[in-house]
Each structure stands twice: as C-alpha cells, then as structure tokens.
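Q: Hi! I have a model open here and would like to talk through some of its contacts. Could you help me out?

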Amino acid sequence: MNNDCRYGGVQFEQFEQLGKFGDNISYLSSWEAMGHRRLGPESLMTRVVVMDTIRTRLRQSTSVSLQRSVGVAYDEEVGGAPRVEMRFVTSEEGEAGPSSDITALVLGYRHGYRKACVLLCVSGIVVFTTAFLLAYALFGGRIHCSMKGDVDEQPGGGAKPPAEGGAGLFLGELRVMMRRLLQDEDIFNTVSRVSRASHPPGSSEGNSLASEILRRFRQLQMDHTWTESLYATLQFPDRSQRSSLWLLDSAGRVSEEIPLNPSDFCPYSASGSTTGGVVYANYGRAQDFNWLKSAGVSVGGCVVVMRVGGGVSFAEKVWLAESNGAGGALIYPDPADLPQDPRRLGLNTHTAVSEHVHLGSGDPFTPGFPSFNHTQFPPIQSSGLPLIPALPISATVAAKLLSQLSGPPCPPSWRGRLPYVRCMVGPQFSSGRRVKMTVHNAMTPILLNNIFSSLEGRVEPDQYIILGAQRDSLGPGAVKSGVGTAILLELARTFSAMVKNGFSPRRSLLFVSWDAGDFGNIGATEWLEGYLSMLHLKAVAYFSLDQAIMGDDVLSACSSPLLADLLDAAFRQVEHPKHAGQTIYSQAEREGGSWRIMKPLYLNSGAYSFTAFAGVPAVELRFTEERSYPFLNTPLDSVARLQEVLGGRLGVTGRSLGELVGELVLRLAHDHILPLRITSYAQTVLQFSAQLNRHSAELQSRGLSPQWVFSARGDYSRAAETLQRAIDYSDQHDPSTARSYNTRIMRVEYYFLSQYVSAVETPFRHVIHGRGDHTLSALTEHLALLTSDPERFNEKRFRRQLALFTWTLQGAANGLNGDVWSIHNTH
C-alpha cells in the first residue's frame with residue numbers, strides 16, 4: 001500500500017494500525033505512537049479492561065447490526081467471489097448498534113465525555129477499517145493512487161503475475177505472461193527445419209514447407225487461418241544454356257573462358273551478351289560514378305565491376321551503371337567487406353553473392369496492381385527492370401579481371417583487399433584484351449502461396465497489427481528465411497496461448513508467411529496491391545521479421561518515424577541477449593547513444609513496400625555483429641554456420657528479438673490510443689525548409705519562392721501538434737473518442753503518399769521514403785545543384801518537384817485538421 005494514499009487526511013497505514021485488535025497492549029502502543037498522550041501504568045490497565053468490554057459488546061452486536069450499519073452482504077457470489085455490498089443506513093429504532101453500546105459504556109465511565117469522544121473515534125475507525133478491508137478484498141488490491149501510475153511504467157514492467165483467468169490484465173501482467181510463454185528451443189528447431197535445403201518458390205521443398213507452416217498455424221486454433229494464391233513471373237537460370245564470361249584478345253577471339261557457378265545468377269537481369277573494356281566502380285553508388293566522370297573515365301559500353309555493399313542494393317548498382325551507359329554489370333564480394341578467411345567464419349574465395357536486380361518490388365510485369373490471372377490481363381513491364389545483363393561473380397574472378405586493369409588509380413577509399421590487385425579503374429585492359437559476358441535466364445510463371453493466420457481484436461477488430469516473414473530462399477537460407485519464419489511462428493504460438501489465458505487484444509493480430517521474397521518481396525507486395533484501397537484504413541503497423549538475426553551484438557531498427565517513440569519504450573523493457581542485466585537501451589547508451597539504433601527504411605527491406613507503397617508505418621528489426629555476416633544470399637547460409645557466428649546462442653537471441661517485437665505488438669494491441677508519434681514528420685520537413693532558406697537568394701533571383709513550402713510546413717506542424725494536444729487532454733477511455741482519434745492517427749503515413757503521381761509508373765509514392773522525382777530526396781539533390789553545378793539546374797523541373805511536394809504536404813496538414821470547417825488555409 002502506498003503511504004502517500006490518504007483518506008480524510010489520515011494515512012491508510014494508520015487505519016491498519018488501529019485495526020490490530022489481537023493484542024490490547026500493541027493497540028494502545030500504536031495509539032501512543034500516533035501522537036496521543038502516553039498512558040501511565042494505572043490508566044493503561046484501566047483502558048485494557050475497557051477495551052476488553054468494548055470488544056465483547058461488539059462481538060455480541062455484530063451479527064445483528066453490522067449488515068444494517070455497514071451494509072456488507074455475502075449472500076451472492078459474482079465470478080466465484082463474494083459480492084460485497086456497502087451501504088450506510090441508520091439503525092432501526094429500538095435496536096442498539098455498536099455505536100450506542102460504546103457510547104453507553106463510555107458515558108458511564110468516571111472520566112466523562114472526553115474519554116467518550118476518544119472511544120467514539122476509535123469505534124468509527126474500527127468500522128471504517130472493516131469496510132475498507134472488505135472493499136480492498138473485493139477489488140483484488142487493485143487500488144491505484146493515480147491514473148498516471150500505470151503498471152507498465154514501473155521498472156521491469158510490473159512484476160505481478162497474471163490474474164487468475166486473465167480478466168482485466170494490465171500491460172505489465174501481459175508482459176510477464178509473454179516472457180514466460182516464449183521459448184528458445186522452438187525457434188532453434190524451426191530454423192533448422194526451414195534451412196535444411198534450398199526451397200525456392202514453386203519447388204517441391206518450398207511447397208512442402210508451405211504445407212507445414214499452414215498445418216502449424218491450424219494447430220494453434222487461431223480465429224482465422226487461410227492461404228491466398230497467385231501467379232507471378234519469376235526468373236531462373238536457363239536450363240539449356242549457361243551464362244558465361246570470356247576474355248577476348250585484341251582480334252576479338254576467345255582467349256580464355258572464366259569458370260562460373262551455373263547456379264549463380266541475378267534474378268531479373270536482362271538476357272543477352274555484351275563486350276567491352278572493364279571499369280572498376282567501387283560500390284556502384286551515385287558518388288562513385290560521379291568520381292569516375294570527374295576523373296575523365298567513361299563507362300559507356302564497358303562492363304562495370306562493383307563490390308557488394310556500400311549501402312546500395314544490387315538493383316541500384318545495376319540501374320546506376322545502366323544510367324551511366326554501361327553495357328553490363330559484374331558484382332563481387334570483396335574481403336574488405338565480407339570476411340573470406342574460413343578460419344574466421346568467412347566466405348571461401350570461390351563463392352558469389354546473389355541478389356535480384358529489379359529496381360522495385362512485386363511482380364515486375366504487374367507494376368502497381370495485383371497479379372491476377374495473366375491470361376486475362378496483358379503484361380506491363382516495370383520500368384525498374386534492367387536493360388543490361390548482370391552477373392554475380394566470386395572474389396577470385398574479380399581479382400583475375402581487376403588485376404589486369406590500367407588507367408587512372410582509384411581513390412584510397414576504393415581499395416579493397418583482393419590479392420595482387422593494384423586498384424586501377426580502367427577501362428584499358430592488358431594487351432588490348434576485352435571481356436565478353438553472356439546471361440541466359442528464363443522467365444517462368446510460378447504459383448505462389450501466402451499463408452495467413454489471425455487473432456481477432458475484441459474492441460477494434462478492423463484494425464490490423466501485421467507481422468510477416470519471407471518463407472522462400474534460393475539457398476538454405478538460415479538467415480534469409482529461417483530466422484524470420486521461426487520467430488513468426490513462435491510469436492503466433494505465444495499470442496495464441498496468451499489469448500487462451502485471458503488476453504483480450506483490442507486490435508486484430510495478423511501473422512503472415514510470404515512467398516517469393518528472394519525476388520523482390522513479391523508475395524507481400526502483390527497482397528498490398530490487391531488490398532491497397534482498404535489497408536490505409538485498417539493496417540496499424542507492419543513488423544518485418546526478415547533476416548532478423550545475423551549476430552547478437554548490434555541492434556538496428558529500419559523504421560518509419562511514426563514508430564520512434566514506441567521503439568524507444570520497447571528498447572527500455574527488453575534485456576540485451578548478449579549483456580545480461582542490461583536493457584537494449586542501456587547497452588546502446590554505453591556504446592554511443594540509442595539514436596544509432598534508428599535507421600531509415602531501404603529499398604530491399606521487407607518493410608519498405610508497406611510504407612513507401614501502401615502508406616503503412618513499418619519497421620524491420622535486426623541483430624548483427626560489427627563484423628558483417630558473410631553468408632547471406634549464398635549457398636553457405638546454413639544453421640550450423642549461423643550457430644557458430646552466435647556461439648550457440650541462436651535460440652536465446654531469437655527469443656530476445658521475439659520479445660522485442662512482442663513488446664511492440666502488445667503496446668499497439670493494448671493501448672486505447674495508438675502510441676504513434678504523429679509530429680515526427682514535421683521535424684523532417686523543417687530540416688528541408690532550412691536548406692531552402694539557405695538558397696532563398698538564388699531561388700528568388702530565378703523567380704522562385706519557397707514561401708508555399710514554408711506555409712505548408714507550418715500548417716502541418718500546427719495540425720499535428722493540435723491533434724496531439726487534443727489526444728493528450730481527451731478521455732482516452734471513451735470508446736467513440738478513442739475510435740475517432742485512432743482513425744486519424746492511422747491515416748498519417750498514408751497522407752504522405754503523393755496523390756499526384758501514378759501508382760503504376762511510380763509505385764513508391766511516399767514523398768519521404770519513396771523513389772522518384774516527387775520525393776524530398778530528389779528535390780534536395782536538385783536544390784544542391786544551385787551551388788555545386790548551376791548549369792545543370794533545371795528550373796522547370798524544380799518548379800514541378802516543389803509543387804508536387806508542397807501539395808502533398810498541404811494535403812497531409814488538411815487531413816490532420818479533420819473536418820473541412822476546421823481548415824483555415826490562406827494562400
């Protein structure tokens with residue numbers, strides 16, 4: 001009992017002291033401890049006799065008058081517990097109650113009325129204490145001194161065990177229940193099962209795995225379990241012709257064939273051949289190609305060799321190479337980026353890393369709309385499909401090519417660790433040699449299966465909290481698909497068990513196993529395209545479990561800014577898997593700040609399409625090491641190697657990641673008002689406004705004014721802050737109020753999808769996270785040309801970019817304002 005809780009100025013602790021009638025001496029000692037006059041030995045004995053007499057009379061009269069005086073009835077039970085009814089009434093005429101008996105005794109006592117008053121106070125306290133204890137028993141001790149003192153804010157999340165039957169569970173109790181139910185062993189066993197062999201979409205192993213996951217979902221007896229099937233066009237190596245790489249002499253004759261692994265390919269590469277010189281382009285980033293251009297090195301018609309990594313996906317590397325005129329692309333793992341010493345858990349030098357090269361997600365022949373029956377709808381090719389051939393090669397093959405290059409030396413930061421390579425950028429090749437590459441891939445329609453299972457919300461069932469993981473893999477895929485699938489199934493089992501133990505989620509939980517993730521998250525994207533018109537009204541958030549564990553040291557969260565506060569709170573609740581006794585948050589603070597955990601969404605993330613295409617807040621959580629996990633997207637991505645990287649702690653780390661995701665889901669499923677930071681985008685736009693302001697003089701000299709952007713930013717900031725204040729001061733437990741605010745909160749991310757560009761031509765319409773000329777990043781890059789390269793600044797293009805961004809931002813502000821009559825825009 002909190003000693004700060006008071007009733008009528010008297011502490012509950014004092015009431016408890018006055019209620020101890022087992023021993024007269026201890027009672028009177030308590031009386032004196034409360035500040036009353038100390039009693040002498042003679043007076044003390046006298047008062048002991050008086051108290052004995054009082055107690056005797058109380059026992060005699062309690063059975064007759066206690067129910068009338070205090071109104072306590074035990075004649076009915078509710079939910080197996082006595083129903084306690086409390087009512088204060090006057091005693092019937094002619095019947096003596098406890099008060100009249102005590103008064104008669106005290107008035108007859110020789111010390112007179114003063115002592116009577118004291119004993120009247122005592123009897124009143126006795127009655128109140130009895131009533132208070134009965135009421136306390138009825139409500140199970142759940143008396144809180146303040147509405148702010150919620151259980152979930154206590155250190156450790158509240159340590160009380162779940163109530164019997166689970167009724168009325170607090171967030172802290174649910175957290176304890178979840179932690180108790182999560183198991184390490186199931187996670188390890190599932191990863192082992194999923195990654196025992198390659199299981200690409202449409203294969204017998206892939207179909208067997210899909211059937212097994214469907215069966216496991218059904219065993220959980222969720223509210224709904226179903227599958228959705230669709231045909232999508234995938235690309236695999238041609239079985240009749242192999243891709244190849246040759247060295248040609250100055251006369252164009254084949255001087256040497258460089259051996260390649262026939263199973264190594266980049267899905268959605270263009271098929272065909274190209275011949276030319278070789279240019280080394282580091283990671284293939286925009287700044288790398290810009291440096292080559294500044295050094296006078298042309299990549300036109302050449303085969304560009306690029307390193308894996310650098311924060312750029314294979315698709316972006318190939319697209320940038322093509323944009324700069326390259327004829328083909330080769331991508332290799334450099335020992336400087338991915339360890340290649342087998343003694344230290346590295347790749348062998350003959351292993352290539354494979355990844356798709358479609359600059360987009362989903363079926364590239366149904367961009368922006370779902371893959372229905374292909375015989376009824378003519379295919380439309382995605383603009384993100386490359387027009388040049390691309391191949392993954394090993395470090396050994398890359399060293400053979402790069403060691404023969406001449407031309408300008410590369411910058412020091414471009415130097416990798418390939419043996420016998422002097423880091424020249426080309427394009428000249430030794431002895432006038434050239435390279436010829438040929439890619440033979442074939443497009444194939446494949447039947448895909450997404451598997452769903454859900455627990456219905458009890459208050460707002462039409463609001464969905466979605467968890468998903470990729471199921472397929474071109475290799476064993478312990479990290480690629482095994483870990484995510486294992487955590488997905490474990491969380492589904494845990495939350496199903498919690499519901500059976502009394503958990504009543506306000507909102508629905510949806511668990512999904514996606515197909516064809518290795519080909520650009522096709523299963524997830526096609527589902528989004530099919531349900532896009534309703535998801536912005538129903539989807540609360542999406543949690544991607546893909547590649548969730550590649551280590552157990554460093555946590556990253558690629559996320560929408562709307563989830564920042566929710567993530568920060570969860571980091572403080574979950575123990576770090578590698579540092580016992582420390583939360584993820586405290587460990588991050590030790591290593592330089594928790595802000596390092598939060599990162600922007602990226603193109604190849606399983607969460608990207610949900611935010612950039614569908615306008616749903618999404619996050620992808622991942623544990624890694626400072627040293628990169630080298631086996632991802634290779635045939636070596638096995639459970640044995642992952643366990644070796646983790647020191648045998650796969651189950652423990654998987655459980656920690658599951659607990660972290662579970663904590664996030666619990667908050668979203670439990671809170672009356674969705675805990676999303678609706679003011680987060682105001683800061684992002686403010687930073688851009690500062691850049692515009694720095695260039696205001698140049699813009700005004702060209703007849704351009706940034707005033708409309710400033711006005712829209714101000715409208716959005718005010719609308720977000722006004723809505724947040726209204727939420728903070730509202731009755732959040734009122735169902736209609738909570739429903740109204742949650743509807744507006746859920747639409748915030750969707751408001752940032754530009755309504756002025758085509759979903760087919762520009763699927764990633766989000767102005768902050770998307771891709772295209774309408775985005776804030778494109779606008780910022782163009783703005784920078786005012787000082788770096790004024791001749792390339794295109795005023796007409798900039799006006800259009802500025803208008804697209806401003807209209808979208810103003811629309812978001814209007815949407816947050818609510819009703820039309822609440823909007824007061826003056827332009």
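Q: Great, which side chain does Arg285 meet in a salt bridge?
A: Arg285 meets Asp288, at 3.1 Å from N to O. A salt bridge here is a side-chain nitrogen of Lys or Arg within 4 Å of a carboxyl oxygen of Asp or Glu. Before we go on, this is a predicted model, where local features need pLDDT of at least 70 and side-chain atom pairs count only at pLDDT 80 or more, while totals for chains, interfaces and linings use all residues. Residues are numbered from 1 along each chain as its sequence is written, and side-chain values use heavy atoms, with hydrogens and water left out.

Q: Good to know. Are those two, Arg285 and Asp288, buried or exposed?
A: Arg285 counts as partly exposed because its relative accessibility is 22%. Asp288 is buried, with a relative accessible area of 1%. The cut-offs are under 20% relative accessible area for buried, over 50% for exposed, and partly exposed in between (1.4 Å probe, protein chains only).

Q: Which residues do salt bridges with shared partners join into one network?
A: That network has Glu460, Asp462, Arg506, Arg507 and Arg739 in it.

Q: Where does Arg507 sit?
A: You'll find Arg507 in strand E16, residues 507-514. Strands (E, at least two residues) and helices (H or I, at least four) are DSSP runs, numbered from the N terminus. Arg507 counts as buried because its relative accessibility is 0%.

Q: Which backbone oxygens does the Arg507 side chain reach?
A: One is the backbone oxygen of Leu668, which lies 2.5 Å from a polar atom of that side chain. Another is the backbone oxygen of His672, at 3.0 Å from the side chain of Arg507. For a polar contact, the pair of N or O atoms must be within 3.5 Å; within protein, one must be able to donate a hydrogen and the other to accept it, and residues adjacent in sequence count only if both atoms are side-chain atoms.

Q: Back to salt bridges: how many does the structure hold?
A: There are 31. Among them is the pair Arg179 and Glu659, at 2.9 Å from N to O. Arg179 is in helix H6 (residues 171-181) and Glu659 in helix H19 (residues 650-670), so this pair ties together parts that are 480 residues apart in sequence.

Q: Nice. And what is the accessibility of Arg179 and Glu659?
A: Arg179 is at 21% relative accessibility and counts as partly exposed. Glu659, with a relative accessible area of 8%, is buried.

Q: New topic: how many disulfides are there?
A: One disulfide. It joins Cys410 to Cys423, with 1.6 Å from S to S. The cut-off for a disulfide is a pair of cysteine sulfur atoms within 2.5 Å.

Q: Where are those cysteines, Cys410 and Cys423?
A: Both are in the loop between helix H11 (395-402) and strand E13 (434-439), 13 residues apart. Cys410 and Cys423 are both buried.

Q: What is the handedness of the Cys410 and Cys423 link?
A: The link is right-handed, with 120° about the S-S bond.

Q: Last one: which residues form a nonpolar patch on the surface?
A: Trp708, Tyr756 and Trp807 form one, with about 400 Å² of accessible area together. Patch residues have over 30% relative accessible area and no salt bridge; like charges are joined within 9 Å, and nonpolar side chains (Val, Leu, Ile, Met, Phe, Trp, Tyr) within 5 Å. Areas come from the Shrake-Rupley method with a 1.4 Å probe, and for residues only the protein chains shown count as cover. Trp807 is in helix H26, residues 795-817.
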